[in-house]
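Please have the structure open while reading.

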Amino acid sequence: MGRVVSEILCVVGARPNFMKMAPILDALRAYPKLHPFLVHTGQHYDEDMSRIFFTELELPAPDRDLEVGSDTHARQTARIMMAFEPLVQERAPKMVVVVGDVNSTLACSLVAAKLLVPVAHVEAGLRSRDRTMPEEINRLLTDQVSDLLFATSADAVENLLAEGVAKENIHLVGNPMIDTLKRHLPAARARGTVERFGLTTRSYALVTLHRPSNVDRVDSLRRIFDALRALSELLPVVFPVHPRTRERMDRAGIRVPPGIHLMDPLGYLDFLGLMDRARFVVTDSGGIQEETTALGIPCLTLRPNTERPVTITEGTNRLLGEDPSAILSAAKPLIEGKFPEPRSPKLWDGNAGTRIAEALACRLGVGLT
Ligand code: UD1
């Protein structure tokens with residue numbers, strides 16, 4: 001008689017999903033009766049935004065690529081749903097695992113829930129309480145239709161309980177993104193990325209900005225570049241540019257001074273290598289607030305709020321608000337001052353993927369043999 005194997009559809013779509021899914025896929029290998037089937041929605045599709053991460057993170061090639069590409073929010077979400085629904089019907093999985101807060105996360109969890117397939121959401125319960133962020137809508141709705149909710153921090157557990165999620169469905173497992181960081185840090189350090197860019201340790205600022213609230217308005221984008229120009233007079237500024245930001249910069253005709261080193265988006269290892277040895281990081285990303293906390297690198301977040309408060313209370317993150325001129329005043333003491341010690345929120349220990357796989361196996365009634 002053949003062994004009964006339970007299939008789990010594991011969904012990735014956009015750049016920040018890949019490093020969260022990698023340790024979960026790894027840990028699921030320990031369960032011969034669980035078969036992960038990897039779905040890439042194709043929300044991100046470039047070499048820079050997608051393919052290089054599969055190579056560097058040693059992710060298996062997707063079992064299915066839905067190839068949806070870029071579009072407006074409604075159209076992108078709808079296209080993912082339309083492509084994912086027949087796949088769920090075809091595979092009849094026992095569970096769908098989604099990660100993070102991108103449009104692919106919401107689209108696939110909604111499809112699964114309506115087909116009565118249980119949904120597991122990794123990184124559940126994070127809340128910025130800012131519904132102008134598309135990711136906040138994705139987080140709220142995904143958690144509402146999820147059956148298993150994996151939280152990275154205690155505040156996320158509190159948020160879910162306050163929203164009426166049953167306690168037994170919530171698992172505080174730590175942060176799978178930090179599993180990936182810990183695993184790949186030695187390889188990132190060995191690449192000599194800092195030297196390759198002609199930089200030295202702690203002598204430069206690393207910048208990433210892509211949120212619609214910062215880059216979609218011309219006046220805000222101009223004020224950001226005014227602030228970065230002033231910053232670049234104090235230390236070199238390294239800025240790998242997200243395609244959304246690049247497009248807005250081209251449209252606004254932004255001229256970039258020589259002290260700001262613009263480049264295409266970097267792969268995981270080069271970016272981690274640069275983050276690890278930066279003086280500080282300026283960002284509006286969610287994941288980078290967490291990675292800088294784990295590395296002990298000061299992080300200045302150009303946003304009025306964060307869904308990751310643990311990076312402030314237990315980490316190196318500081319919220320600047322929305323006014324880019326705050327970058328310079330916050331940077332000065334970091335350039336002159338002492339360097340902080342790395343700190344690590346509870347369970348950000350490199351074993352979150354293992355805890356997630358254990359909980360999935362337990363829910364599906366599967367053991368290690
Ligand atoms: C998405 C996520 C955001 C995440 C970010 C990381 C949502 C709502 N937002 O935002 O949470 O922080 O990814 O990168 O899901 N593009 C390319 N190549 C690609 C993908 C996109 O050039 O491979 C360009 C397209 O012109 C597109 C634009 O980037 O219009 C934005 O892509 P999209 O996936 O819509 O959102 P992001 O801004 O990347």
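Predicted model: local features only at pLDDT ≥ 70, side-chain atom pairs only at ≥ 80, totals over all residues.

Side chains of opposite charge can pair when their charged atoms come close.

The structure holds 34 salt bridges. Another of them joins the side chains of Arg 183 and Asp 26, at 2.9 Å from N to O.

The chain is split into domain 1, made of 6–175 + 348–363, and domain 2, made of 183–335. Their centres, taken over C-alpha atoms, are 26 Å apart. Domain 1 gives 24 residues to the contact, and domain 2 gives 22 residues.

The size of an interface is often given as the accessible area lost when the parts come together. For domain 1 and domain 2 the buried area is about 2,000 Å², with 54% of it on carbon and sulfur atoms. Six salt bridges are found across this interface.

## Helix α1 against helix α7

Helix α1 (residues 15–28) and helix α7 (residues 176–190) have axes that come within 8 Å and cross at roughly 80 degrees. Angles of 65 to 115 degrees count as roughly perpendicular, and α1 and α7 are therefore roughly perpendicular to each other.

On the α1 side the contact involves Pro 16, Met 19, Lys 20, Ala 22, Pro 23 and Asp 26. On the α7 side are Pro 176, Met 177, Asp 179, Thr 180 and Arg 183. By class, these are six nonpolar, one polar and four charged residues. Asp 26 and Arg 183, already named as a salt bridge, both take part in this contact.

## Helix α7 against helix α12

Helix α7 also packs against helix α12 (residues 268–276), where the axes come within 9 Å and cross at roughly 85 degrees. This pair, α7 and α12, is therefore roughly perpendicular as well.

From α7 the contact takes Met 177, Thr 180, Leu 181, His 184, Leu 185, Ala 187, Ala 188 and Arg 189. From α12 it takes Tyr 268, Leu 269, Leu 272, Gly 273 and Asp 276. Eight nonpolar, three polar and two charged residues make up the contact of α7 with α12.

Key:
Residues numbered from 1 in each chain as written. Heavy atoms only, no water. Axes fitted to C-alpha atoms, helices over the stretch in contact; angles between N-to-C directions. Helix = DSSP H or I, 4+ residues; strand = E, 2+ residues; numbered from the N terminus. Parallel < 35°, antiparallel > 145°, perpendicular 65-115°, else oblique. Contact = heavy atoms within 4.5 Å. Nonpolar A, V, L, I, M, F, W, Y, C, P; charged D, E, K, R; others polar. Domains from an automatic or database assignment. Buried area = accessible area lost by both parts, 1.4 Å probe. Salt bridge = Lys/Arg side-chain N within 4 Å of Asp/Glu carboxyl O.
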